[in-house]
Amino acid sequence: MTLTPTFARRVLAAAAGLALVAALAGCVSLFPKAKPAQLYRFTPQMTATQSPDGSRIPISLSAVDFTAGAAGDRMLTMSGDEAAYIEGARWVSTAQSQFEEAVDKAFEDGAQSTRIVERRQSASAKMVMNLSVETFEARYDNGPKSAPKVVVVVRAQLIRFPDRAVVGEDLFRSEQTAGDNRVSAIVQAYNAAVTAVLKDLTAWTDRKATANATAG
């Protein structure tokens, strides 16, 4: 039988379509059948009566030093000396980058006499702040089925320019017990712990910076 050009093109197109479907089917079988992880974030809730930006002391924030086990996008838990990550749950971005954003947000919304400037504006800063997050974890002190306690510990150092004098150094700690042994409740406890630490940090920075901004 002789195929007309039009019919031949239809046959070839159908064959190509079947080949593509077969190829896609083969590709799909290569992907692991894993349940996608739920993504979470923490956001501090800050309120304060602020002075205008122009009258607030500019502070440059160095890159935040973060404890290695918790710096990524997985949620670290501790049970005695054993460390593990919560299965099927991730931070929407790394805990370190989220914490740096949280510090910026806390000073923007909650500081009264200080503000964080962008790194490209650091030449205008009167002081530089060094932060080290030493603990950022959920602790199962009462067994794996109990509601864990979220512990956040941050060490802060404030250095004045241009004499580079250390005008303050302190440790900030918050412990918040989750309402339940569920990821959503644990994330709420992280939110509460980060908020408490950053409220104390901004208030401390306001006091130290105001007392030392013009000293030299």
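**Notebook: rings, charges and confidence**

I began with the aromatic side chains and noted that ring pairs link F42, F66, W91, F99, F136 and Y190 into a cluster. I counted rings of Phe, Tyr and Trp (its six-membered ring) as a pair if their centres lie within 6.5 Å, with planes under 30 degrees apart called stacked, over 60 edge-to-face and the rest tilted.

Before going on, I wrote down that this is a predicted model, in which local features need pLDDT of at least 70 and side-chain atom pairs count only at pLDDT 80 or more, while totals for chains, interfaces and linings use all residues. Residues are numbered from 1 along each chain as its sequence is written, and side-chain values use heavy atoms, with hydrogens and water left out.

**Aromatic pairs**

My search of the whole structure gave seven aromatic pairs. One of them joins F66 and F136 edge-to-face, with 5.3 Å from centre to centre and 65 degrees between the planes. This pair links distant parts of the chain, since F66 belongs to strand β3 and F136 to strand β7 (residues 127-139), 70 residues apart. For helices (H or I, at least four residues) and strands (E, at least two) I used the DSSP runs, numbered from the N terminus.

W91 and Y190 are both buried.

I also found a charge over a ring (NZ of Lys or CZ of Arg within 6 Å of the ring centre and within 35 degrees of the ring normal). Here R74 lies over the face of Y85, at 3.9 Å from the ring centre.

**Salt bridges**

Turning to charged pairs, I noted 10 salt bridges in the structure, each being a side-chain nitrogen of Lys or Arg within 4 Å of a carboxyl oxygen of Asp or Glu. One of them joins R41 and E101, with the closest N and O atoms 3.7 Å apart. R41 sits in the loop between β1 (38-40) and β2 (57-61) and E101 in helix α2 (residues 95-110), so the pair ties together parts that are 60 residues apart in sequence. R41 is partly exposed at 43% relative accessible area, and E101 is partly exposed at 44%.

Within helix α2, K105 and D109 lie four residues apart, about one turn of the helix, and they form a salt bridge whose closest N and O atoms are 3.2 Å apart. I listed K105 as partly exposed at 35% and D109 as partly exposed at 23%.

R182 and D180 meet in a salt bridge at 2.9 Å, N to O. I also recorded a network of salt bridges that links D141, K149, R173 and E175.

**Confidence**

Last, I checked pLDDT, the predictor's confidence in each residue, from 0 to 100. The protein chain averages 83, and 78% of the residues score at least 70.

How values were computed: Buried means under 20% relative accessible area, exposed over 50%, partly exposed in between (1.4 Å probe, protein chains only).
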